[in-house]
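Work through the exercises below with the sequence and the coordinates open. Each task is followed by a stepwise solution.

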Amino acid sequence: MSKAMPLPSIHDFTAEAADPAHYAALDGDWSLAVADVVASTRLAGEGRHRDVNFVAAAVVAVLSEAVREPEQPAACQFGGDGAIAAVPPGRRAAAEQALAALAHWAATEMDVPLRVGLVPVRALLDEGLEVLVALQDFGNGDAFGLFLGRGVTAADAWVKADPRWRLEPRPGPLTGLEGVSCRWNPVNSGRGVILCVIVDPLPGGGPGLSVLARVQADIERIVPTATAAPLGMGERLAVRWPPSWRSLWLEARTRPRGRRLACVLSLLGKSALLAAILGGGWRVAGFDPDRYRRGMAERSDFRKSAGGPRLVLDVTETEAAAIEAMLAGHAAAGRIRYGTARAAASTVTCLVGDLAADRHVHFVDGADLGFWRASVMLKRMAEREPSAQ
């Protein structure tokens, strides 16, 4: 069994995330784990946007534990209504078990159908589809996966289109699930509008990567993305008290049935304490509320790449229009396909490992499933391309 290569770390998204020199090209011994919510349209129509985000965050939580190598975080990424992860050699069986258990839990406990699958990178390479991976590293073991290359979007499409890449749901352990929570209020835009952006290159290989770097640079010229963070520096975060019943019930369903009432009561107590500490600005037992807010903002995934840029930006109306016009120009020139969606607020779903050890990361989406709505636009654009006719 071959040993997994160490994945490089990216610390400066603006300078490094679009540069393939900062990524590792996966070899054929790796796999890509894929999960996506099947019924996003129905669930959105029922107002269950937060349920979808919660299940997607649960996938990241459980897959990260299943595929993690010693002394290196997992390369796993939240996608609003799904997730993707790089599976090292030797972790494929663990990934299969985790994906199957996630699909079973999502269907039986959450009433959220989840399609899961595993695609060998060898199969992608055989089709000339590259897979480049890095870790967006925040230190202290907190990281997200970043992906470049057409192999990532192809793996997602293969799992959706071909049953041979899918896994059937079955019960199993879900290590890491209890770390997921979603008790924060939606964060209203501070600059005008929340804009979700998804971009995929049309050319493959080097030309496609050059296109992505150009698009990312064009976005940065319109608005430096570091200044367009939807959570600001954490000052916009407002804890909900009392928490919504839906958020409590979502978290309770990560526990066995006999422990759910106790879970709700515990969450009520913890939320009351957190609201009091954050509201009063008190430091309690070494917990610094201002530092925690800043940490939430710094460790949020509002900027990422999954084959191309995936962004949730707080921008002015003028900046949003300029970004949309720029993307339309690149699409008209045959360089990219893209999707955008606007929202009045962003939503936050959290993965908390150990607050005392400052271990926590946070997943951002546009309200009302902004990433999913952007992906619908991208899909419709793809369907109109001549090769799709």
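The exercises cover helix packing, nonpolar cores and some loop residues.

The model is predicted, so local features need pLDDT of at least 70 and side-chain atom pairs count only at pLDDT 80 or more, while totals for chains, interfaces and linings use all residues. Residues are numbered from 1 along each chain as its sequence is written, and side-chain values use heavy atoms, with hydrogens and water left out.

**Exercise 1.** Determine how α3 and α4 pack, and classify the contact residues.

Step 1. Helices (H or I, at least four residues) and strands (E, at least two) are DSSP runs numbered from the N terminus. Axes are lines fitted to C-alpha atoms, for helices over the stretch in contact, and angles run from 0 to 180 degrees between N-to-C directions.

Step 2. The axes of α3 and α4 lie 9 Å apart, at an angle of about 155 degrees. This makes α3 roughly antiparallel to α4; the classes are roughly parallel under 35 degrees, roughly antiparallel over 145, roughly perpendicular from 65 to 115, and oblique for the rest.

Step 3. With contact meaning heavy atoms within 4.5 Å, α3 contributes F54, V55, A58, V59, V62, L63, A66 and V67, and α4 contributes A94, A95, A98, L99, L102, W105 and A106. The contact has 15 nonpolar, no polar and no charged residues. Here Ala, Val, Leu, Ile, Met, Phe, Trp, Tyr, Cys and Pro count as nonpolar, Asp, Glu, Lys and Arg as charged, and the others, Gly among them, as polar.

**Exercise 2.** Which residues touch the most other members of the largest nonpolar core?

Step 1. A nonpolar core is a set of buried Ala, Val, Leu, Ile, Met, Phe, Trp, Tyr and Cys residues joined through side-chain atoms within 4.5 Å. Buried means under 20% relative accessible area, exposed over 50%, and partly exposed in between (1.4 Å probe, protein chains only).

Step 2. The largest core has 48 residues, and V55, L63, L99, W105, L114 and F363 touch the most other members. Elements that each supply at least two residues include α3 (49-67), α4 (92-109) and β16 (359-366). The largest share, 13 residues, comes from α3.

Step 3. A second, separate core of 44 residues includes I10, A320, Y338 and M381.

**Exercise 3.** Is E130 buried or exposed?

Step 1. Locate E130 in the loop between α5 (121-126) and β7 (132-139).

Step 2. E130 counts as buried because its relative accessibility is 17%.

Step 3. Not counting residues up to four places away in sequence, E130 touches L125, L148, G149, R150, G151, V152, G204 and G205.

**Exercise 4.** Describe the backbone and exposure of D111 and D368.

Step 1. Most residues other than glycine have a negative phi. D111 has a positive phi of about 55 degrees, and D368 has a positive phi of about 60 degrees.

Step 2. D111 lies in the loop between α4 and β6, and D368 in the loop between β16 and α12 (370-384).

Step 3. D111 is partly exposed, at a relative accessible area of 45%. D368 also counts as partly exposed, at 45% relative accessibility.
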